[in-house]
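Me: Please pick out one part of this structure and give me a close look at it. After that, I would like to see how it connects with the rest.

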Number of protein chains: 2
Amino acid sequence: MRSEELHETLLPKRLALPVFASDPLSSVAYATQEILLVLALGGLAYLHFAPWIAAAVIALMTVVVLSYRQVVHAYPSGGGSYEVVSTNLGPWAGLVVAASLLVDYVMTVAVSVASGVDNIISALPQLAPHRVLLAIGFVAALTATNLRGVRESGRAFAAPTYLFVGGVLIMVITGLVRCALGDAPVAESAAYGITAAPSDAGLTGLALLMLVLRAFSSGCTALTGVEAISNGVPAFRKPKSANAAATLAAMGITAVVMFAGVTALALITKVHITGDPCRLTGLTGSCSAYTQRTVIAQIAAAVFGGEHSLGFYLIQTVTALVLILAANTAFNGFPLLASILAQHRFLPHQLHNRGDRLAFSNGILALAIVACLLLWGFKANVTSLIHLYILGVFTSFTLSQLGMVRHWNGELRAEHDPARRRHHHTARVINTIGAVVTGLVLVIVLATKFTQGAWLAVLAAVVLWVMMRGIRRHYDTTATELAVTDPKTELTFPSRVLAIVLVSTLHKPTLRALAYARALRPDHLEALTVSVDRDEAAALCRHWEEYGIEVPLKVIDSPYREVTRPVVEYVRSVRRESPRDIVAVFIPEYVVGRWWENLLHNQSALWLKNRLLFTPGVMVTSVPWQLTSAAHADRPAARAPGSVRRGEPRGTGLRHHR
Amino acid sequence: MRSEELHETLLPKRLALPVFASDPLSSVAYATQEILLVLALGGLAYLHFAPWIAAAVIALMTVVVLSYRQVVHAYPSGGGSYEVVSTNLGPWAGLVVAASLLVDYVMTVAVSVASGVDNIISALPQLAPHRVLLAIGFVAALTATNLRGVRESGRAFAAPTYLFVGGVLIMVITGLVRCALGDAPVAESAAYGITAAPSDAGLTGLALLMLVLRAFSSGCTALTGVEAISNGVPAFRKPKSANAAATLAAMGITAVVMFAGVTALALITKVHITGDPCRLTGLTGSCSAYTQRTVIAQIAAAVFGGEHSLGFYLIQTVTALVLILAANTAFNGFPLLASILAQHRFLPHQLHNRGDRLAFSNGILALAIVACLLLWGFKANVTSLIHLYILGVFTSFTLSQLGMVRHWNGELRAEHDPARRRHHHTARVINTIGAVVTGLVLVIVLATKFTQGAWLAVLAAVVLWVMMRGIRRHYDTTATELAVTDPKTELTFPSRVLAIVLVSTLHKPTLRALAYARALRPDHLEALTVSVDRDEAAALCRHWEEYGIEVPLKVIDSPYREVTRPVVEYVRSVRRESPRDIVAVFIPEYVVGRWWENLLHNQSALWLKNRLLFTPGVMVTSVPWQLTSAAHADRPAARAPGSVRRGEPRGTGLRHHR
């Protein structure tokens, strides 16, 4: 085992922060904007709620970060929310978290890419008509990169993430300093008014509360990805838990400062942004031709001196880059979670083995396809996509905090040392607060977003949950059915082997199959052909004698020109006559190099093999004949993504047993 | 062989006519209309060309029918145009005909169904918005019927076809009699004027000639399906050729009478029909809301007393029915032609065997899918679809007449009896006229329709032609590569068999695989497992000893958790060490009953098997274990469409050879 080698790849904190935090930090790029967009439904009248909503989001972020620091300490194995919930609340609750997370990974890709494209369009407005195409192009590029198994490196993440954090902080400080000096930057949209949407004009009472809560729900996107560090504890250097907790704290503080700064500047520079540009007043020119820049772009332009300044372009570049990186984290996280679920038999086996060529490719492709469909269906609109997003995040937050409360209950029952009991008590209080607060947010999100599209995310999670339960049940039933009950009897081998070589024409593959079958020296050997054409069958018999083949050839007439049924019926009749023997059927097969050549060969053989496998007491042997074209295609399991990612194996160690 | 049984299914002339002629006779339902639609591009000014164009079509029909009577006599085997051309002009020319015919079968389905829907909408105008859906629904229904392999019966064809012929003839006679009595029926659209399309107003000279030729090309749709009888000669009662020729003549006369009658009545009743209803003048109400009835519907309404008369509904019903039946003929013809092409190795083998479950289903599905795409893409518009149609028909007409000319040349060279020579000379003259005339029409159709959509049909035929050539070349190369050169050496069997049983877990299927492998008494037997998890491997070894399995177990470490590569490499190393022996790899496999269960099992096994087949000197044996769910699915090749169509086989006859 090469687990020792893994040490080299362990991450110091300064690399772990960008690797795990690109997702949560990048959400700063859209969280403020989403708050403003919802509030703008009521015109400019309700923008004064923004600071309060931002404050609530920051408070929530603090609670969640503190809660997850407990998780990091209690579960250094890095199973994250899924492990915490499965262990403490049972496997079906864990499966709810898993389903939510799978949906969320898809949404991370869709939202991050859509927002990245938004920021590119803010810098290059002429790309606006190609929004969806650009987004799908980025997903395709990420897919290709991940399918090729490019080694993901902390360093690749570090530069853009730190540049993004640094750039945003410089922007915030510059903006605030300019403001303090009395030269407050002014956004390009500051002069525009916003007319309220007809349904949201002059709200009061409950309706107003709902609008504010919706804005808060949208702002909660700032919290997406916070749990990433808790999944990645094993990748930290020792002391793992302490380092992870410290990184989590650093991430929390950075996110809060950036979010607060961006929100403050958005209000200072008077960014006026709306979901429907035609509700803007004071526009020169047609509203449908006007492309609104993102909040971060408008701030950058205002602070650094316009949309042609170097500072503006730099901020837009790093923002787009960090958002694409955030999407990339889902491409790593999704197959990993799928692999754990497969290990627990909730998903097909083949998703588990890392070395299996299909494992990661399938996961990556599934993720990419669903993300592209979402981007296409929702026209790469960040706001529409976000409605589907945070539901899963808060489901897993709430359940994992609940799980942690049970965890501490259990610990407290077993613990007698007063100091440790005190610690556990504090931790339980933190997680209880976390559970209550995130649960409350979950209810708010459900209530405000369900009809806006969140129902789709709920439906997807429910379908996944039911499917995974079904798969697990199937595997369990199968395992019971296959368990060895009586090894002695089951190992007793049949007394005689009756071999049948299937012959369609007399060519080299047939002769090889005959030779191989004879090499096994079965108790009885015969060749079998189905005659669908009397002349062809006669010619076959003639050649059979000419070549002096010493195996008897049996000809079955098939007046209806079927092949499969007569063979299967013959094999069954042989089995019926000698039920204690086994029948070995040899099928000559061509091996071809190009996929389309398979359509031209072996189709009857495949169908026949498939049917024969249903017959008890039969074994089916493929005797391959490699056509010339097959030689090119023979690269033994070469390009498996996992193998590239983990470096080429330098030979395999053989061990003998008995 | 049951060929004798076939006699019962041979067709008397009165049944052969409806079976083979539903396609050509049904085209009467749209041929006149297409002539009028093209002429109406120039307003009402050019409608007086219609009788002349109809006369030209009738002359052409006469020539073609006479020509095909020669084909029927010369080629009683029923290969039709494809056989005639392949035999006389060489296989590549034959392939041109085959490609054209395949394209034409698709067009027959699309055009007939679209026209059938048109006639249904004429009776029930409220269905107009659902035109495409209706058309696709009919294709789906035909597909389902044909996939289930419902026995096609002459009787099912007889009633609607004769009712259609009878109905149209009664309508024509009634109309003409009323006209003679001075009570000429008047079509509902007689009062409307038609403004010329801007590009086609006041044409003279060459442009007018082109318009008339275009109208003629569209009218030539009356000839589609004429060659059907020449493909079906073997299905006639004896004397086959004479009966077929008589039926062909009857069909030709019926078609000519119906076509002439419908065209005459269309002109008498003054049916004014146009491709764009907004060019109609004198409409009450909006043109976009006005649904034009088909020509046959307008005549029926005029003759029988309005669009609520019984006669009108009867005519529409039988017209729609006969058009759907015409589409059904393509569902029979397409797989049959594909099967002949497969026999000649121009298409994949599996399309050849009738008994193969996949053979006919694939052909039927391919036909249906392409037809639906066309109906959808062209909005089930008959006129647009017809532009793609007749090109293939006339390609095969021209080439087969050319082929017949060469055929008679050959016959004349060998023939010395003066009476027979005279007959051959006459026949050659007829076919020469046929070739020249149809060749001319082909040029006209190409010139007038190419840019209107016919290029798509040409492109499709070219692609098919290139593909079929490629497939044939591949099969030829393969056959050369596989041909037996030295049977003695090729039959020499290797001295030793080294057997390897692959083990992943110790359950019943593994024990069975071990037992079967031991039953074959190989020279060397070992079990092989790949250790991706040290604990699991240790547990496996422990159970191995507990169960007292006497086969040595080899454990390969796979530090990168791959499975396929270590196994393939190990097998290769075994082969390298003893290159004269063969390696028999035994893979325990589950057999499951539901398709999705396959996704949960055997995926690694499948991949591994696939890779192992590329290794020379290896044979791969699947040892199946039937799970409970497999028992339900074990219906041995039951529902093959061919088997139902031909009646259930009553046992298979076995013959022994040597």
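Reply: Let's start with Val72(A), which sits in helix 3 of chain A; helices (H or I, at least four residues) and strands (E, at least two) are DSSP runs, numbered from the N terminus. Please keep in mind that this is a predicted model: local features need pLDDT of at least 70, side-chain atom pairs count only at pLDDT 80 or more, and totals for chains, interfaces and linings use all residues. Residues are numbered from 1 along each chain as its sequence is written, while chains are lettered from A and ligands numbered from 1 in the order in which they are written.

Val72(A) is buried, having 25 other C-beta atoms within 10 Å. The cut-offs are 20 or more other C-beta atoms within 10 Å for buried, 12 or fewer for exposed, and partly exposed in between, with C-beta atoms placed from the backbone. Leaving out residues up to four places away in sequence, Val72(A) touches Ile229(A), Ser230(A), Val233(A), Ser241(A), Ala244(A), Ala245(A) and Leu248(A); a contact is a pair of C-beta atoms, placed from the backbone, within 7 Å.

Now for the helix partner. Helix 3 (residues 50-74) and helix 10 (residues 240-268) of chain A have axes that come within 9 Å and cross at roughly 175°. Here axes are lines fitted to C-alpha atoms, for helices over the stretch in contact, and angles run from 0 to 180 degrees between N-to-C directions. The two helices are therefore roughly antiparallel to each other, a label used for angles over 145 degrees, with under 35 counting as roughly parallel, 65 to 115 as roughly perpendicular and the rest as oblique.

On the helix 3 side, the residues that meet helix 10 include Ala50(A), Ala54(A), Ile58(A), Met61(A), Val65(A) and Val72(A). Their counterparts in helix 10 include Ser241(A), Ala245(A), Leu248(A), Gly252(A), Phe259(A) and Leu267(A). By class, this contact has 18 nonpolar, five polar and one charged residues (Ala, Val, Leu, Ile, Met, Phe, Trp, Tyr, Cys and Pro count as nonpolar, Asp, Glu, Lys and Arg as charged, and the others, Gly among them, as polar).

Pro239(A) belongs to the loop between helix 9 (228-231) and helix 10 of chain A, and a cis peptide bond with omega of about -5° joins Lys238(A) to Pro239(A). In chain B, Lys238(B) and Pro239(B) are likewise joined by a cis bond, with omega about -5°. Most peptide bonds are trans, and most residues other than glycine have a negative phi.

In the loop between helix 13 (357-377) and helix 14 (382-414) of chain A lies Lys379(A), whose phi is positive, near 50°. Ala380(A), in the loop between helix 13 and helix 14, also has a positive phi, about 55°, although it is not a glycine. Lys379(A) counts as exposed because it has 12 C-beta neighbours inside 10 Å, whereas Ala380(A) counts as buried because it has 27.

Stepping back to the whole chain, chain A comes to 24 helices and eight strands. Its C-alpha atoms fill a box of roughly 105 × 70 × 50 Å along the principal axes, and 52% of its 658 residues are buried. Of the contacts in chain A with a separation of 6 or more, 83% join residues 24 or more positions apart. The chain is divided into domain 1 (3-79 + 111-378) and domain 2 (488-645), with bounds from an automatic or database domain assignment. The centres of the two domains, taken over C-alpha atoms, are 58 Å apart.

Finally, the cores. The largest nonpolar core has 166 residues, and those with the most contacts inside it include Ala110(B) and Ile299(B); such a core is a set of buried Ala, Val, Leu, Ile, Met, Phe, Trp, Tyr and Cys residues joined through C-beta atoms within 7 Å. Its largest share, 20 residues, comes from helix 5 (residues 91-123) of chain B. Apart from it lies another core, of 165 residues, among them Val57(A), a helix 3 residue that takes part in the meeting with helix 10.

Conventions: Two residues are in contact if their C-beta atoms, placed from the backbone, lie within 7 Å.
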